[in-house]
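Please look over the sequence and the model before reading on. The text below goes through the structure one region at a time.

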Amino acid sequence: MKQIVLKKFITKCHNGQNKLSLALITGASKGIGKSTAKTFANAGWDLILLSRNMDSLKNLKVELSNTQSKINLVECDLSSSNEIESCIKKLIKKYGCPSVLINNAGCAFNGDLIEMDLNKWKEIIQINLTSVFQICSLIVPEMRKNGGLIINVSSHASYNAFPKWGAYCVSKSALAMFSKCLREEERSNSIRVSTITLGSVDTPLWDSESINSDFDRTSMLSPIKVSKTILYMATQPESQLIEDLILMPSGGAF
Ligand SMILES: NC(=O)c1ccc[n+]([C@@H]2O[C@H](COP(=O)([O-])OP(=O)(O)OC[C@H]3O[C@@H](n4cnc5c(N)ncnc54)[C@H](OP(=O)(O)O)[C@@H]3O)[C@@H](O)[C@H]2O)c1
């Protein structure tokens, strides 16, 4: 027991951050979020993992049982504003305020803007943008007490226009600006806000029925390598901040 406590302490000191020990990762059941959970758990972080799919989260918790991390699971549908409010309030009460918040959950949809159903538009904006605003609104007031770090996961679709990806591009573009504005507003409260902007990553997102694509997935970024970059961002000394990081496949992204 003593050894476990000591190892955890050493890991945190090695990372150069004592305060940053509990991370909330949204969209942790698959893809980048799942890999990030694995990477952070292996680095000794305690985690709160959130998604709609409790079975996947439970399986991940079993996979991570050989690490020293405390893994907490939260089932929450980010398409529902009411659910977000009750889930985030409950998780803060139960597990405490995370010192690192990774807003990773997201969805994509392939279709022309003008033919797009209004409800589909609202769903994409809700999950990719409004849920991040809502989660931050609930967490930041708590986070101000001890300071913290927020990492928002964006895409090169935030500054490149892709036909048939309009709603996704708009949501990620707005997320990138949300991130910049929040950064400036919260600097004086010891809250640091980062954006990681990614090129294509080989994740289950590309299996979705709503995406008709036959891209070469072998040339995409790997989620585990992306997660190591996220850990690198999270383990910067508190006196510095990687404000915006763009990570692309070296062969170019699509
Ligand atoms: N893959 C890429 O090429 C790429 C490139 C640039 C940026 N990104 C961004 O990276 C992030 C992660 O993407 P990914 O590729 O890892 O996607 P993914 O494999 O499809 O995983 C998406 C995650 O988001 C969660 N999620 C989706 N809708 C949700 C909802 N309504 N409520 C709660 N959780 C929800 C999913 O959980 P459940 O389904 O279990 O609820 C899942 O854990 C996204 O923000 C995406 O836009 C991805």
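The model is a predicted one. The ligand in it is surrounded by 28 residues, and the closest of these are G27, G31, R52, N53 and G106. By residue class, the shell around the ligand divides into twelve nonpolar, 13 polar and three charged residues. Two elements, α2 (31–42) and β5 (148–155), each supply at least two residues of this shell. Helix α2 gives the most, with three residues.

G27 lies in the loop between β1 (22–26) and α2. Is G27 buried or exposed? G27 is buried, because 26 other C-beta atoms lie within 10 Å and the cut-off for burial is 20 or more. Leaving aside neighbours within four places in sequence, G27 is in contact with G33, S51, N104, A105 and G106. One of these contacts, G106, is itself among the residues closest to the ligand. The C-alpha atoms of G27 and N53 are separated by 9.3 Å, with the two residues 26 apart along the chain.

R52 is placed in the loop between β2 (46–51) and α3 (54–63). With 16 other C-beta atoms within 10 Å, R52 is partly exposed. Outside the four places on either side in sequence, R52 is in contact with E75 and D77. The C-alpha atoms of R52 and L78 are 8.0 Å from each other, and these residues are 26 apart along the chain.

Which residues does A23 contact, leaving aside neighbours within four places in sequence? They are F40, W45, L47, P98, V100 and I102.

Helix α5 covers residues 118–143. Its 26 residues should span 38 Å at 1.5 Å a residue, and the C-alpha atoms at its ends are 35 Å apart, which agrees. The helix has a kink of about 50°, centred on Q126. The buried residues of α5 are I124, I127, N128, L129, T130, S131, V132, I135, C136, I139 and M143. An α-helix has 3.6 residues a turn, so residues three or four places apart point the same way.

Why is V140 partly exposed? V140 has 19 other C-beta atoms within 10 Å, and burial needs 20 or more. Beyond four places in sequence, the contacts of V140 are with E186 and I191. The C-alpha atoms of V140 and S99, residues 41 apart along the chain, are separated by 9.9 Å.

I92 is found in helix α4. I92 is partly exposed, because 18 other C-beta atoms lie within 10 Å. Not counting residues up to four places away in sequence, I92 touches C97 and E142. I92 and I114 are 22 residues apart along the chain, and their C-alpha atoms are separated by 40 Å.

K164, in the loop between β5 and α6, has a positive phi of about 75° although it is not a glycine. K164 counts as partly exposed, with 17 C-beta neighbours inside 10 Å. S190 lies in the loop between α6 and β6. Phi of S190 is near 60°, again a positive value in a residue other than glycine. S190 has 15 C-beta neighbours inside 10 Å and so counts as partly exposed.

Methods:
Residues are numbered from 1 along each chain as its sequence is written. This is a predicted model: local features need pLDDT of at least 70, side-chain atom pairs count only at pLDDT 80 or more; totals for chains, interfaces and linings use all residues. A residue is near a molecule or strand if its C-beta atom, placed from the backbone, lies within 6 Å of it. Helices (H or I, at least four residues) and strands (E, at least two) are DSSP runs, numbered from the N terminus. Ala, Val, Leu, Ile, Met, Phe, Trp, Tyr, Cys and Pro count as nonpolar, Asp, Glu, Lys and Arg as charged, and the others, Gly among them, as polar. The expected span of a helix is 1.5 Å times one less than its number of residues. The bend at a residue is the angle between axes fitted to the seven residues ending there and the seven starting there. A residue is buried if 20 or more other C-beta atoms lie within 10 Å of its own, exposed if 12 or fewer, and partly exposed in between; C-beta atoms are placed from the backbone. Two residues are in contact if their C-beta atoms, placed from the backbone, lie within 7 Å.
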